[in-house]
Amino acid sequence: MRRVIYHPEYKQYNLGTEHPFSPLRVEMVLDVLKELGHEADFSLPEEVQPKDLQSIHDSDYIEALEAVSAGKTVADIGKYGLGTADNPIVSGMAYGARRIAGGTLLGARMLLDGSAQKVLQLGGGFHHAQRSLAAGFCLYNDLALAIREMTAKGWHVAYFDIDVHHGDGVQKMFYNSENVMTISLHESGEYIFPGGGWLHELGRGMGRSLKLNLPLEPFTEGDSYLEAVEKVAEEALRWFKPDALVVQAGADAHFSDPLADLMLTTQDFERLFQKIFKMSEALCNNRLLITLGGGYSFQATARIWTILYQMFFGLKFPNELPDAWLARWESKLKIKIPSRLHDPNPAFEPIPRKAEIVRTNRDLIQRLMDAVAADWL
Ligand SMILES: [Zn+2]
């Protein structure tokens, strides 16, 4: 059974018209689905309740966030990471965050009660939020909330983060946990936010060798990326044998993303999603919860998540995007949108350092697998 979770109130998670984390990205996907004649049947989530939020966030953080979002003044708000350029204070944002977190939590509950095997949550993926800190456009960590819900019932959960930025918030919350494996493939923190996600961050105590990070070279292309998925994520899942797989499917590893430098094409994302579906079926008890995440090129992100949706339901959309949709969004966003769902092939000029990048990534993969080998016996 497959379910899609979405609520129109997700739009309330709006950090301002100039902010990159725009609700319009999902609007574009919903609009193209409608244009393609696909009437989606959504499961509507409730808002997450305070007692659930308290399982992953400190009470003073929740109180401060709710207060500023309601227009109240809170002293020393900077210590919570709020009121920054990345996380500005916008009226109603906490409500939007609660609504979206409720969606990811609903996804976890559907897997737990068996009402779904595959869940696609059309929002969320707030992987940077920490116990008492907003960061990187993220307020409430919906992913950690969902994972906690499952581990509380005794499940082992694997978390796979394909967002181009390190999934630091989720990793941190489960750093000591033997019940949660986190795997993050990201552009090296030497070049982009949040600056961590190094090879040596392997987990602590009982969580040792269960936290895996691959800080990939800038300009890494699809083949090298997919090699890392096979050699690291697939091997890790085969060994860990989780009860469920949670995936943060940010689209910002696309070559056109303005905030990062990896070089995946839509075709690479298709291969990656295929791999994720297969791994969840074969290695993760056939249970999968996928959220969205980053992705700051409107045109690429909308197409990548449309491809994800299509694959999730085994649909076959035409490669030509509907004219009415293109006209509507080009006029609204004042950008040029490619007329096809997939990128042209080739999508960009050859990368001069390609061979060196592939070698460096291979070396990273080897060093990571060597580092965990003794613990994985
Ligand atoms: Zn990101």
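Mentor: Take Ala251. Leaving aside neighbours within four places in sequence, Ala251 is in contact with Asp257, Phe269, Gly294, Gly295, Thr301, Ile304 and Trp305. Contact means heavy atoms within 4.5 Å. The model is predicted, so local features need pLDDT of at least 70 and side-chain atom pairs 80 or more, while totals for chains, interfaces and linings use all residues. Residues are numbered from 1 along each chain as its sequence is written, and side-chain values use heavy atoms, with hydrogens and water left out.

Trainee: What makes Ala251 buried?

Mentor: The relative accessible area of Ala251 is 1%. Buried means under 20%, exposed over 50%, and partly exposed in between, with a 1.4 Å probe and protein chains only. So Ala251 counts as buried. Ala251 sits in the loop between strand 7 and helix 8. Helices (H or I, at least four residues) and strands (E, at least two) are DSSP runs, numbered from the N terminus.

Trainee: How do you know that Thr291 is buried?

Mentor: Its relative accessible area is 0%, so Thr291 is called buried. Thr291 belongs to strand 8, residues 288-291. Apart from neighbours within four places in sequence, its contacts include Thr104, Gln121, Asp142, Leu143 and Val247.

Trainee: What makes Asp163, His165 and Asp252 donors of the zinc ion?

Mentor: Donors are N, O and S atoms within 2.8 Å of the metal (3.2 Å for Na, K and Ca); water is not among the atoms, so sites may look incomplete. Here OD of Asp163, ND1 of His165 and OD of Asp252 lie 1.9 to 2.1 Å from the zinc ion. Their spacing along the chain reads D-x1-H-x86-D. Asp163 and Asp252 link distant parts of the chain, 89 residues apart. Asp163 is in the loop between strand 4 (157-161) and helix 6 (168-173), and Asp252 in the loop between strand 7 (244-248) and helix 8 (266-283). Both of these aspartates are buried.

Trainee: Why is helix 5 called largely enclosed by the rest of the structure?

Mentor: Helix 5 spans residues 142-152, and nine of its eleven residues are buried, so the rest of the structure largely encloses it. Among the buried ones are Asp142, Leu143, Glu149 and Met150. Gly154 follows helix 5 and has a positive phi, near 90 degrees.

Trainee: How do you know that the buried residues of helix 11 line one face of the helix?

Mentor: The buried residues are Ile357, Val358, Asn361, Leu364, Ile365, Leu368, Met369 and Val372. Down the axis of helix 11 they fall within an arc of 125 degrees, so they line one face. The arc is taken from the directions from the helix axis to the C-beta atoms. An α-helix has 3.6 residues a turn, so residues three or four places apart point the same way. The cover over the buried residues of helix 11 includes strand 6 (211-216) and helix 7 (222-240).

Trainee: How does the reach of helix 11 compare with the expected span?

Mentor: Helix 11 (residues 354-373) has 20 residues and reaches 29 Å from first C-alpha to last, close to the 28 Å expected at 1.5 Å a residue. That expectation is 1.5 Å times one less than the number of residues.

Trainee: What is the volume of the largest pocket, and what is that of the largest cavity?

Mentor: The largest pocket has about 260 Å³. Of its 15 lining residues, Glu221, Thr265, Asp268, Asn345 and Phe348 are closest to the centre. Helix 8 gives the largest share of that lining, three residues. The largest cavity has a volume of about 130 Å³. On a 1 Å grid over the protein atoms alone, a cavity is a set of points where a 1.4 Å probe fits but cannot get out; a pocket is an open set with protein on both sides within 12 Å along at least five of seven lines; lining residues have an atom within 4 Å of a point. Among the 16 residues lining the largest cavity, Tyr10, Phe21, Pro23, Val26 and Ile100 lie nearest its centre. Helix 1 (residues 24-35) gives the most to this lining, with three residues.

Trainee: What makes the bond from Asn345 to Pro346 cis?

Mentor: Its omega is near 0 degrees. Pro346 is in the loop between helix 10 (323-333) and helix 11. A cis bond also joins Phe193 and Pro194, with omega about 0 degrees.

Trainee: Asp76 has a positive phi; is Asp76 buried or exposed?

Mentor: Asp76 has a phi of about 60 degrees although it is not a glycine. At 53% relative accessibility, Asp76 counts as exposed. Ser209, also not a glycine, has a positive phi of about 70 degrees. Ser209 is buried, at 0% relative accessible area.

Notes:
Grid points are joined across faces, edges and corners, and a volume is the space filled by probe spheres set on the points.
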